[in-house]
Amino acid sequence: MSSSHLCQNPNFDEQRWIIHIRRALDDDDGDEDLDEESGVTVSIFNVPKTLTLTSPESYTPQQVSLGPYHHWRPDLYEMEKFKISAARRSQRQLVGSRKFHDFVDHLSKFEIKFRSCYHKYLNFNGETLAWMMAVDSCFLIEFLQMFSAAVGEGRKSGCDAVIRDMVMLENQIPLFTLRKMVEFQLGSVDKADDLLYTMLMGFCNEVSPFKINQKSMPNNVSRVLKCAHLLDFLYRSIVPKSEVLTEIAVDAEKEGVSECEKISFRKIMSSIKRLVISKPVKFLLMISLKIVSVLPGMIVVKQIEYLCFSREREETNMENENSNKHPLMEEIAIPSVTDLSMAGVRFSVTNEGIFGISFDKKTATFNLPTVRLDVNTEVVMRNLVAYEACNHESGPLIFARYTELMNGIIDTEDDAKLMREQGIVLNHLKSDEDVANLWNGMSKSIRLTKVPFLDEVIEGVNSYYEGRWRVRIGKLLKRYVFGSWQSMTFLAAILLLFFMSLQSFCTLFSCTRLGFHRRTMN
């Protein structure tokens, strides 16, 4: 059942909705507990339909619901008993005479803050929402505690389905709820922040496709406070916000310096182009060729006229077709790993994550981060792409552009094998074919964006590849010999005309008899 189904619920409580709006407007000042609310932004979204069309099961929880979006799905009720068990164990761990319902009463004060985190209106009363958040946070904390201990080989047994559900965008709960629960259990803010940070980092190290460099991250307290939910924490671990801001500033400066030069050059070239290929000039040239082509013996000129202007008409038709095609459906223009390897490109591992992707033209070295692929990776990456696209505060779609880059260079099983042999892909799937299918099945971005440092890498790779003489010769043969039926037809017509002329000449001057007479004379 889609999360949008709740919007069509015939039991929608209009009076509750009105009360919620009134409280939101009247509670501007609020109490001290809600002082942080002014900084709360929407961070939990419905996944866009353009993404769910390709793999709906990657965005819809299959085992456990967390938060309100999928709470009423009957097929997930089986996990409710495990949630209640986790809440009972959490109640036994409370300090002093505190009871679980005391924590629920405390969460009730944050009703407006809870609702502010979700993109969709929540058709729940405040008490229901508080109980839901309390029970779900207990289950989530208990599950995350497995990742705060040392990594064990058999620990993940049977947990992969739950892990996949935990990273889904529509299945998130605000991170401050977990922080409040741990604080309520331990009775100390500092201990709560330390424990929560340890659990979150352990979870991210387990599910992240990339190795996370903890040294480059801010301290634990600020990190926990700044992240909206578990998926946001994972995203910030892979794409640090400080790195994004630095990259945006540097790229903006580069673009500002060269933009004036580009504009001036474009204006000059466009003026020349308009003069040379203007309609009057084209018309005069076409008329001249047509007049000459009707003269006797000028069939070659007619062929030239046909090739020139029919090609133009075909290109115009192709442009019209491409204009109707959605630009996001086009695969990124870059050669495959196999083609790049045959052209002399070497692949090397970078330890700086996505921001370490680069291409060295001097040594023809393509630097890429190591990515680990297992049964959870596709769901993780798809939801990271969805969150990045929905969250406009994330800036450029860096992670989505990375997935498009890998989609472009890995086309076949052989490409995946080369990536595995170079240590760029750590394959924990069944085969190299599964790796290729994973990348080729990834959704494209739902909104266009520029990621200058990645676009520069792609441009550098393409420039090096196109400059190789072997590639140039192959493309020329493919385009002008094997790929152009007009050229082949023209050559065939010339050869046919030559042999017909030779046959006519031999018929008139008895070439065969002359050749036979010479042989007998010798």
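Reader: Leaving aside neighbours within four places in sequence, with which residues is K83 in contact?

Author: The model is a predicted one, in which local features need pLDDT of at least 70, side-chain atom pairs count only at pLDDT 80 or more, and totals for chains, interfaces and linings use all residues. Residues are numbered from 1 along each chain as its sequence is written, and side-chain values use heavy atoms, with hydrogens and water left out. K83 lies in helix α3 (residues 80-92), where helices are DSSP runs of H or I with at least four residues, strands are runs of E with at least two, and both are numbered from the N terminus. With contact meaning heavy atoms within 4.5 Å, the partners of K83 beyond four places in sequence are V64, S65, V135, D136 and F139.

Reader: Is K83 buried or exposed?

Author: Buried means under 20% relative accessible area, exposed means over 50%, and partly exposed lies in between (1.4 Å probe, protein chains only). K83 has a relative accessible area of 0%, and therefore K83 is buried.

Reader: Which residues does S65 contact, leaving aside neighbours within four places in sequence?

Author: S65 is placed in the loop between α2 (49-52) and α3. Its relative accessible area is 1%, so S65 is buried. Beyond four places in sequence, S65 is in contact with H70, H71, L76, E80, K83, D136 and N171.

Reader: How far apart in space are R88 and F100, C-alpha to C-alpha?

Author: R88 is found in helix α3. Its relative accessibility is 48%, so R88 counts as partly exposed. R88 and F100 are 12 residues apart in sequence, and their C-alpha separation is 8.4 Å.

Reader: How are α6 and α8 oriented to each other?

Author: Axes are lines fitted to C-alpha atoms, for helices over the stretch in contact, and angles run from 0 to 180 degrees between N-to-C directions. Helix α6 (residues 126-144) packs against α8 at an angle of about 80°, with the axes 9 Å apart. Angles under 35 degrees count as roughly parallel, over 145 as roughly antiparallel, 65 to 115 as roughly perpendicular and the rest as oblique. The two helices, α6 and α8, are therefore roughly perpendicular.

Reader: How many charged residues does the contact of α8 with α9 have?

Author: Helix α8 (residues 175-186) and helix α9 (residues 189-207) pack at about 125°, with their axes 8 Å apart. That angle makes α8 oblique to α9. In this contact L175, L178, R179, V182, E183 and L186 of α8 meet V189, K191, A192, D193, L195, L196, M199 and L200 of α9. By class there are 10 nonpolar residues and no polar ones, and the number of charged residues is four.

Reader: How many nonpolar residues does the contact of α9 with α11 have?

Author: The axes of α9 and helix α11 (residues 230-238) come within 10 Å and cross at roughly 65°. That makes α9 roughly perpendicular to α11. The contact joins Y197, L200, M201, F203, C204 and V207 of α9 to L230, F233, L234 and S237 of α11. One residue of this contact is polar and none is charged, and the number of nonpolar residues is nine.

Reader: Which residues does G344 touch, not counting those up to four places away in sequence?

Author: G344 lies in the loop between α15 (337-342) and β1 (346-350). At 36% relative accessibility, G344 counts as partly exposed. The C-alpha atoms of G344 and Y465 are separated by 8.6 Å, although the two residues are 121 apart along the chain. Beyond four places in sequence, G344 touches A364 and Y464.

Reader: What is the phi of A364?

Author: A364 lies in the loop between β2 (358-360) and β3 (365-369), and its relative accessible area of 4% means that A364 is buried. Most residues other than glycine have a negative phi. A364 is not a glycine, yet its phi is positive, at about 55°.

Technical notes:
Ala, Val, Leu, Ile, Met, Phe, Trp, Tyr, Cys and Pro count as nonpolar, Asp, Glu, Lys and Arg as charged, and the others, Gly among them, as polar.
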